[in-house]
Amino acid sequence: MMVEPLAIAPILLAQLQQAILSSLAPGDRSGGSGPLTWPQSIPLYRAKDSQRILYISPVALQLAKQGFMPLMEIALAIAQGFRDSRPPDLAFPIAANHWILSVIPPGKLYLELTDPGMAIWLQRAIPWDFQLDPTPDPGPLPPSRFPDLFPIQYAHARCCALLRLAHREGLITLETPAHPGIGYLIAPDPIPWLDSPTHIKPHHPAERALISRAIATVDALSSPVSPTQITSRLSVATLLSQDFLTFYAQCQIWGSVQSQDLDLAQTRLGLIFLVQKLLKCLLEKDLSSFAPLEL
């Protein structure tokens, strides 16, 4: 699925690759001996922390095994190269001020998305139409592998019901496209994601967990899937629906929030809109099912 402008992991990998090439070029190495063998793939994974958007790369440990430079020197050089890297072929390269980049002994790179970076990502995700991505449909699920999709479909229908109610009450404005469904979120634009220049407004643990899950979902969607790997998409959709239902149970939209903090209500509705789009894509495109508007 072509979601690279939104998927963070592929962008980080591209920028890390450029950082390695620029900072560890043969002419820039002092005291090194022997040719450097470039890694065939750069290791990168998400930390198991639902409250942070934290990626970790141990690529310096991989390069240090070649013995041409001390481990921490390699990690620090890559970190500096990352801060300066701007791959020209990326539609939205990640700006340096959107990341907290740390080198953690013995030489791992920690890249954490800041709140302003998170707000920019969320705003870009709102108008994105995942259904238009030219990914081949994996085809119908084999009969023996038909899963129970009701919890995922229920979460999608609940998203739709909340968005329709918010539209009727004037909290948001939806524009219905030619095909049936929720359509597009046209107001507020932009959604008031930030509470201050440096802090994001949705800071409840359930909100943070849902944002983290949405980013992980888009990362997963950036990789193609085959019919034999469809269970991985089922797991992605299940985790997203579970985090949404936890968010829905713990984060109020109407009542005192609607009357006293309209911006917070609208950011929570923005999260629901994003989840609805992702669940719809997963259900219809990858799980070859339907995304009910109501149950």
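**Helix contacts and strand pairs**

Author: Start with one contact in this predicted model. From α6, Ala-206, Glu-207, Ala-209, Leu-210, Arg-213, Ala-214, Thr-217, Ala-220 and Leu-221 take part. They meet Arg-233, Val-236, Leu-239, Leu-240, Asp-243, Phe-244, Thr-246, Phe-247 and Gln-250 of α7.

Reader: How do the residues of that contact divide into nonpolar, polar and charged?

Author: The contact of α6 with α7 has 11 nonpolar, 3 polar and 4 charged residues.

Reader: At what angle do α6 and α7 pack?

Author: About 160 degrees, with the axes 9 Å apart. Angles over 145 degrees count as roughly antiparallel, so α6 is roughly antiparallel to α7. Helix α6 covers residues 205-221, and helix α7 covers residues 230-250.

Reader: Is the crossing of α6 and α7 left-handed or right-handed?

Author: Left-handed.

Reader: Now α5 and α9. At roughly what angle do they cross?

Author: Roughly 140 degrees, and their axes come within 9 Å. That makes α5 oblique to α9. Helix α5 is residues 150-168; helix α9 is residues 262-286. The crossing of α5 and α9 is left-handed.

Reader: Which residues make the contact?

Author: On α5, Ile-152, Gln-153, Ala-155, His-156, Cys-159, Cys-160, Leu-162, Leu-163 and Ala-166. On α9, Leu-269, Ile-272, Phe-273, Val-275, Gln-276, Leu-279, Lys-280 and Leu-283. The contact of α5 with α9 divides into 13 nonpolar residues, 3 polar and 1 charged.

Reader: Switching to strands. Over how many bridges do β3 and β4 pair?

Author: Over 6 bridges, in the antiparallel sense. Strand β3 spans residues 99-104. Trp-99 has Leu-113 in β4 as its bridge partner.

Reader: What do β3 and β4 form?

Author: A hairpin, with 3 residues between the strands. Gly-107 sits in the turn and has a positive phi of about 155 degrees.

Reader: And β2 with β4, in what sense do they pair?

Author: Antiparallel, over 4 bridges. Strand β2 is residues 54-57 and strand β4 is residues 108-113. Ser-57 stands opposite Leu-109 in β4.

Reader: Zooming out, how many helices and strands does the protein chain have?

Author: There are 9 helices and 8 strands.

Reader: How many of the residues count as buried?

Author: 49% of the 295 residues in the protein chain.

Reader: What about contacts between residues 24 or more positions apart?

Author: Those account for 72% of the protein chain's contacts with a separation of 6 or more.

Terms used. Residues are numbered from 1 along each chain as its sequence is written. This is a predicted model: local features need pLDDT of at least 70, side-chain atom pairs count only at pLDDT 80 or more; totals for chains, interfaces and linings use all residues. Side-chain values use heavy atoms; hydrogens and water are left out. Axes are lines fitted to C-alpha atoms, for helices over the stretch in contact, and angles run from 0 to 180 degrees between N-to-C directions. Helices (H or I, at least four residues) and strands (E, at least two) are DSSP runs, numbered from the N terminus. Angles under 35 degrees count as roughly parallel, over 145 as roughly antiparallel, 65 to 115 as roughly perpendicular and the rest as oblique. A crossing is left-handed if the near helix is turned anticlockwise from the far one by less than a right angle, and right-handed if clockwise. Contact means heavy atoms within 4.5 Å. Ala, Val, Leu, Ile, Met, Phe, Trp, Tyr, Cys and Pro count as nonpolar, Asp, Glu, Lys and Arg as charged, and the others, Gly among them, as polar. Two strands pair if DSSP finds at least two bridges between them. Buried means under 20% relative accessible area, exposed over 50%, partly exposed in between (1.4 Å probe, protein chains only).
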